[in-house]
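The sequence and model come first.

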Amino acid sequence: DYWNFLILLLTGMRPGEVAPLMVEDIKQKEGYAYIDLRAFNTRKGRVSRAEARQIKTRSSDRIVPLHPLLIDLGLLVHRDHMRQAGSARLFPDVVPYIKRDGRIRWSQSSSKSWQYLKSRGIITREDVTLYSTRHTMAEMIDQLQLADRTRNRVLGHVGNAGAAGRYGRNGLLSEADLHTITAISNPLIDRMRAI
């Protein structure tokens with residue numbers, strides 16, 4: 001739950017995207033760390049459907065920049081520890097909930113933890129849900145006044161631009177956008193950093 005809530009808040013990922021992360025999904029390139037949520041690596045050629053990551057929608061296929069606070073708190077160290085321990089999964093102790101129809105729900109345990117925090121009065125606003133972390137990140141990105149295309153790529157949303165939004169560096173962010181997004185700061189993040 002520690003990493004789950006922090007990752008959700010500082011990346012805007014969907015609750016069901018964090019628990020199934022693999023150790024190899026966290027990557028570093030040119031001084032930036034990111035989570036690779038692409039269904040498959042196009043540079044490695046074609047893969048079977050069974051080998052491809054199951055994603056919510058086509059736009060969910062993306063690169064998610066890691067906020068430096070996650071790195072400062074030790075997420076990369078955790079990744080390396082899991083790799084050394086021989087774990088393929090980043091959070092091997094999270095067990096998915098399997099619905100009666102066979103569908104897997106990775107967000108079930110984090111949703112239950114969130115409800116527990118609310119029941120104990122730790123989260124006091126009734127209108128705040130676990131999914132609100134995506135809205136918080138969206139608001140922080142909006143304050144940066146980045147292009148809608150960049151916002152959509154980070155959050156895994158479908159843009160209104162239609163085909164125009166699919167051309168170019170599909171799912172990738174420019175170095176300038178990566179720098180801007182990883183530098184996000186606001187009073188909430190400042191309080192988290194202080195703790």
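In this predicted model, Ile 35 is in contact with Ile 7, Met 13, Leu 21, Asp 25, Ile 26, Arg 62, Ile 63, Val 64 and Leu 66, leaving aside its neighbours within four places in sequence.

Ile 35 is also among the residues with the most contacts inside the largest nonpolar core, alongside Ile 7, Met 13, Leu 21, Leu 70, Leu 75 and Phe 91. That core has 42 residues. At least two of its residues come from each of H1, strand E2, H3, H4, H6, H7, H8 and H9. H1 gives the most, with 7 residues.

| Helix | Residues |
|---|---|
| H1 | 2-11 |
| H6 | 132-144 |
| H7 | 148-155 |
| H9 | 187-194 |

Two packed helices are described by the angle between their axes and the distance between the axes. For H1 and H9, the axes come within 12 Å and cross at roughly 145 degrees; the crossing is left-handed. On the H1 side, Leu 6, Leu 9 and Leu 10 take part, and they meet Leu 188, Ile 189 and Met 192 of H9. By class, this contact has 6 nonpolar residues, with no polar and no charged ones.

The buried residues of H6 pack against H1, H7 and H9. They are Ser 132, Thr 133, Arg 134, Met 137, Ala 138, Met 140 and Ile 141. H6 has 13 residues and, at 1.5 Å a residue, should span 18 Å; its end C-alpha atoms are 19 Å apart, so the two values agree. After H6 comes Gln 145, with a positive phi near 60 degrees.

Key
Residues numbered from 1 in each chain as written. Predicted model: local features only at pLDDT ≥ 70, side-chain atom pairs only at ≥ 80, totals over all residues. Heavy atoms only, no water. Axes fitted to C-alpha atoms, helices over the stretch in contact; angles between N-to-C directions. Helix = DSSP H or I, 4+ residues; strand = E, 2+ residues; numbered from the N terminus. Left-handed = near helix turned anticlockwise from the far one by under 90°. Contact = heavy atoms within 4.5 Å. Nonpolar A, V, L, I, M, F, W, Y, C, P; charged D, E, K, R; others polar. Expected span 1.5 Å × (residues − 1). Buried < 20%, exposed > 50% of the residue type's maximum accessible area, 1.4 Å probe, protein only. Core = buried A, V, L, I, M, F, W, Y, C linked by side-chain atoms within 4.5 Å.
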